[in-house]
Amino acid sequence: MLRNGLEPWHLLIVAIVVIVLFGSKKLPDTARSLGRSMRILKSEARALKEEGAADPASGDPAGPAAQPVSPSEPVATDGRGR
């Protein structure tokens with residue numbers, strides 16, 4: 001039954017269920033918000049790639065973890081005041 005994965009009729013059943021659950025009026029809004037979310041995800045992933053490519057050029061092999069903590073930032077403790 002599942003050895004061939006999803007077949008076209010499986011996708012048709014899923015599409016019908018989605019239309020019945022959400023209705024035809026909400027689907028365009030849902031698709032629009034999904035597209036917006038995908039654009040944001042792609043831009044964030046691109047920014048992370050660019051940031052990762054910039055770190056080796058700065059000469060800092062450890063990256064941002066090696067940066068000293070400024071006194072204004074809270075320091076994590078283990079609960080015993082250390």
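Predicted model: local features only at pLDDT ≥ 70, side-chain atom pairs only at ≥ 80, totals over all residues.
Helix H1 comprises 15 residues, from residue 8 to residue 22. The distance from its first C-alpha to its last is 21 Å, close to the 21 Å expected at 1.5 Å a residue. Just after H1, Gly-23 adopts a positive phi of about 85 degrees.

A nonpolar patch lies on the surface and is formed by Trp-9, Ile-13, Val-14, Val-17, Val-18, Leu-21 and Phe-22. Together, these residues present about 680 Å² of accessible area. Val-17, one of the patch residues, is located in helix H1. Its relative accessible area is 43%. Because this value falls between the limits of 20% and 50%, Val-17 is classed as partly exposed.

Side chains of opposite charge can pair when their charged atoms come close. One salt bridge was found in a search of the whole structure. The side chains of Asp-29 and Arg-32 form a salt bridge, with an N to O distance of 2.8 Å. Both residues belong to helix H2, which spans residues 27-57. Asp-29 and Arg-32 are three residues apart in H2, a separation of about one turn of the helix.

Definitions and conventions:
Residues numbered from 1 in each chain as written. Heavy atoms only, no water. Helix = DSSP H or I, 4+ residues; strand = E, 2+ residues; numbered from the N terminus. Expected span 1.5 Å × (residues − 1). Patch = residues over 30% accessible without salt bridge, like charges linked within 9 Å, V, L, I, M, F, W, Y side chains within 5 Å. Areas by Shrake-Rupley, 256 points an atom, 1.4 Å probe, with all protein chains shown as cover. Salt bridge = Lys/Arg side-chain N within 4 Å of Asp/Glu carboxyl O. Buried < 20%, exposed > 50% of the residue type's maximum accessible area, 1.4 Å probe, protein only.
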